[in-house]
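Welcome, and thanks for taking a look at this one with me. Below are some numbered notes to read with the structure open beside you.

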Amino acid sequence: MEALSRNFFLYLSKNQQLNKLASQYGIKMVKGKIVGGVSFDQAIPFIQEQNKAGMSVTVDHLGEYVDDPLTTLERTRGIVAALEMIKEENLDAHVSLKLTALGLDISEELVRLNLRRILTAADRLGVMVTIDMEDSTRCEQTLNLFQELRADYQHVSTVIQAYLYRSSEDLDRMQHLQPFVRLVKGAYKERISVAFQEKRDVDANYRKLIAKQLDSGNYTAIATHDERMVSFAKHYALEKGIGKDNFEFQMLYGMRKQLQEELVKQGYKVRIYLPYGDDWYGYFMRRLAERPANIAFALKGMTKK
Ligand code: FDA
């Protein structure tokens, strides 16, 4: 049943027609609940609200799989503008981005050019940019680009997914770059040839990766809503004498607010992933696929004024 509903929402997430309808009519339903609005400007008050509550933010301009070079250039300009606004408004925020929004599926030259523009601005302004990880067919190229760029730029980080068999080796391969890595379980539907299918195997590998990255002394972002994983990371760090400055917890905006607040009270760093943009529909469907209980919350949102 769980797998069925997961597949159903992943299928809906790719429906262009519904995406179009949702973009036009549905933003009221999700603004301030799971996204910050349709533009970076609209997201600013939500970033400030999180900062006031003691939490950092990473913003993400929603929209992926762009197949038109001009749109990728607009995206790049938009991200650079967001980096500048973060600095101007003195916001405690990073930027997350997806390579398929910047031309990964068009050409490697284009995505590299766009990324270099963004990272030049990020280094100048001192704002971290995280390259999100997409599905496994794009993993190798994403990590290669990350490694190439990390050699030239300070403010770039990426994501490792615990459901992939390759991830432990990927972490080893990158250690010489002293990377800031966000660890996640993985959000896409993957084949058994590349990824663990059972939750317990993904969880075991997630614990292994948390331990490995914390042991490396490189900065670790533990991005999960799973209390058992949060608790594992806390205990592991305590046992090994790893300071609270060496890692942070990351959660999606609108999810597990109470847990976020408790962690802040306990002196842990917490960063909230806050998406914005009119292309929120696919993002919303993927969240439903991960946790159908979010449906209740979405329906409640729909009936609110
Ligand atoms: P999981 O889904 O394994 O659930 C475990 C338990 O946690 C549940 O049984 C429940 O108790 C609790 N729980 C989970 N979600 C909850 C919720 N919404 N509300 C209440 N309780 C909940 N993926 C990817 O492939 N590439 C990426 O770049 C990123 N980036 C990213 C950034 C950030 C900040 C986060 C938090 C997540 C991602 N992800 C991601 C998504 C990630 O891979 C994963 O799909 C989701 O976080 C769901 O897995 P969890 O570890 O949160 O819990």
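**Notes for a first look**

1. Arg-286 counts as partly exposed, because 16 C-beta neighbours fall inside 10 Å, and a residue needs 20 or more to be called buried. Please keep in mind throughout that this is a predicted model. Arg-286 sits in helix α12, which covers residues 281-290. Setting aside neighbours within four places in sequence, Arg-286 is in contact with Leu-10, Ser-13 and Ala-187.

2. Is Arg-287 buried or exposed? Arg-287 is buried, since 22 other C-beta atoms lie within 10 Å. Arg-287, too, is found in helix α12. According to UniProt, in an unreviewed entry, the annotation "binding site" covers Lys-98, Arg-286 and Arg-287.

3. Now for the domains. The assignment for the chain gives domain 1 (1-22 + 284-300) and domain 2 (33-279). Taken over C-alpha atoms, the centres of domain 1 and domain 2 are separated by 22 Å. Each of the two domains supplies at least three residues to the shell around the ligand.

4. Which residues come nearest to the ligand? Of the 22 residues around the ligand, the nearest are Asp-132, Val-184, Ala-187, Thr-224 and His-225. The elements giving two or more residues to this shell are β4 (156-161) and β7 (247-252). Strand β7 has the largest share, with three residues. Sorted by class, the shell holds 10 nonpolar, six polar and six charged residues.

5. A further "binding site" annotation from the unreviewed UniProt entry is worth a look. The record lists Met-133, Gln-161, Lys-185, Gly-186, Ala-187, Lys-199, Thr-224 and His-225. Ala-187, Thr-224 and His-225 are also among the residues that come nearest to the ligand.

6. You will find Met-133 in the loop between β3 (129-131) and α7 (139-150). Met-133 counts as buried because 25 C-beta neighbours lie inside 10 Å. Not counting residues up to four places away in sequence, Met-133 touches Cys-139, Thr-142, Thr-158, Val-159 and Gln-161. Gln-161 is itself one of the positions listed in the record.

7. Where is Gly-186 placed? Gly-186 is in the loop between β5 (181-184) and α9 (199-216). With 21 C-beta neighbours inside 10 Å, Gly-186 counts as buried. Beyond residues up to four places away in sequence, Gly-186 touches Gln-161, Ala-162, Tyr-163, Leu-164 and Ala-195. Gln-161 therefore turns up among the contacts of Gly-186 and among those of Met-133, where two C-beta atoms within 7 Å make a contact.

8. Finally, a stop at Lys-87. Lys-87 lies in helix α5, made of residues 69-88. Lys-87 counts as partly exposed because 15 C-beta neighbours lie inside 10 Å. Its contacts, leaving aside neighbours within four places in sequence, are Leu-125 and Val-127. Lys-87 and Phe-46 are 41 residues apart along the chain, and 16 Å separate their C-alpha atoms.

Key
Residues are numbered from 1 along each chain as its sequence is written. This is a predicted model: local features need pLDDT of at least 70, side-chain atom pairs count only at pLDDT 80 or more; totals for chains, interfaces and linings use all residues. UniProt positions are given in the numbering used here, feature names are shortened, and annotations may be inferred rather than shown by experiment. Helices (H or I, at least four residues) and strands (E, at least two) are DSSP runs, numbered from the N terminus. A residue is buried if 20 or more other C-beta atoms lie within 10 Å of its own, exposed if 12 or fewer, and partly exposed in between; C-beta atoms are placed from the backbone. A residue is near a molecule or strand if its C-beta atom, placed from the backbone, lies within 6 Å of it. Ala, Val, Leu, Ile, Met, Phe, Trp, Tyr, Cys and Pro count as nonpolar, Asp, Glu, Lys and Arg as charged, and the others, Gly among them, as polar. Domain bounds come from an automatic or database domain assignment.
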